[in-house]
Amino acid sequence: MGDVREKIIYRFHRNIQSSLPLGLRSVGQKYCTPYYDNTYPPLRIIPFYEILWVTRGEIFVMQKGAYSHVKTGMAVIIPCGGEVAYKTGKYPCDYWMLTFDGGASMAIMQELNFSIERPLRVDAFPEKMYLELIESLKSPSPDEEYTSSLLLYDFLLHLKRSVRREEVKRLNLDVSRIERAISIINDKFSDPNFCVNELSESIGVTRTTLWRHFKLSIGTTPTEYLHTRRMREVLDMLKHTKLSNREIAHRCGFKDANYFGKFFRKTVGVSPSEFRRVVSEYSCGISDG
């Protein structure tokens, strides 16, 4: 690699794996000068997942004895625990980088079925979401890990959607129906009786067809997308209202507070009350300061 100048916008403050199912470790940009040597630097083990998105120039990534040529407008995912080395080409290179880990990170990446053997063509890379993720981390707080975990999952879903754009075209899927399904979910997520069967009926396809097309287009199932949409609303209410857990559960589409509490803990890693307490203590600390 040539000389590297990096701008780390966020870095996880502990040198251990995140306790969350999906934990953001770092976000930033790197600017690299040309590298004229044909040899690669020594291999190093990456203890987390790393995503590199090239915005100018090119990089060459060595994994498992083979190299990938990652050009402008492409991305590459380096798997957790893998041995890797990379270098720039004969021109300056700029790329965004993002690293993450967590107890469920491997299962999530397997479920999303990202390729780690070759670069990803990401002509519609979700840059806006990436920048929103960065913006949310500029003022660190004790609840940053919980919020960034959900934002990161959203980011991976959108990245998968971008990667699958060509596959959707190849299979001649009706993208307008998928977009309509997403719009219906956004409108009805607060209804606890809303379900995938109702969604499939609304857009005129079978449940199986909806599941398959949704998975191919978005990278997740309709049910998973619905859960994510509900959780985004839950976090906002816990942060900015004094509504009870029962009322939040009702407003966000959960049938009862008990199920809501279990689902929240499984997703975020703490109870809704604990999450709200941490946010409240942090806000009070700012006020006192």
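Predicted model: local features only at pLDDT ≥ 70, side-chain atom pairs only at ≥ 80, totals over all residues.
Modeller: Numbering runs from 1 along each chain as its sequence is written, and side-chain values use heavy atoms, with hydrogens and water left out.

Biologist: What makes F254 and Y259 an aromatic pair that is tilted?

Modeller: Rings of Phe, Tyr and Trp (its six-membered ring) pair if their centres lie within 6.5 Å; planes under 30 degrees apart are stacked, over 60 edge-to-face, the rest tilted. That rule gives eight aromatic pairs. For F254 and Y259, the centres are 6.1 Å apart and the planes 45 degrees, so they pair, and as tilted. Both also belong to one aromatic cluster with F260, F263, F264 and F275.

Biologist: Why is F254 called buried?

Modeller: Buried means under 20% relative accessible area, exposed over 50%, partly exposed in between (1.4 Å probe, protein chains only). F254 has 4%, so buried it is. Y259 has 39%, so that one is partly exposed.

Biologist: How do you know that the charged end of K87 sits over the ring of F60?

Modeller: The rule wants NZ of Lys or CZ of Arg within 6 Å of the ring centre and within 35 degrees of the ring normal. K87 is 4.8 Å from the centre of the F60 ring. R229 lies over the face of F189 too, at 4.1 Å from the ring centre.
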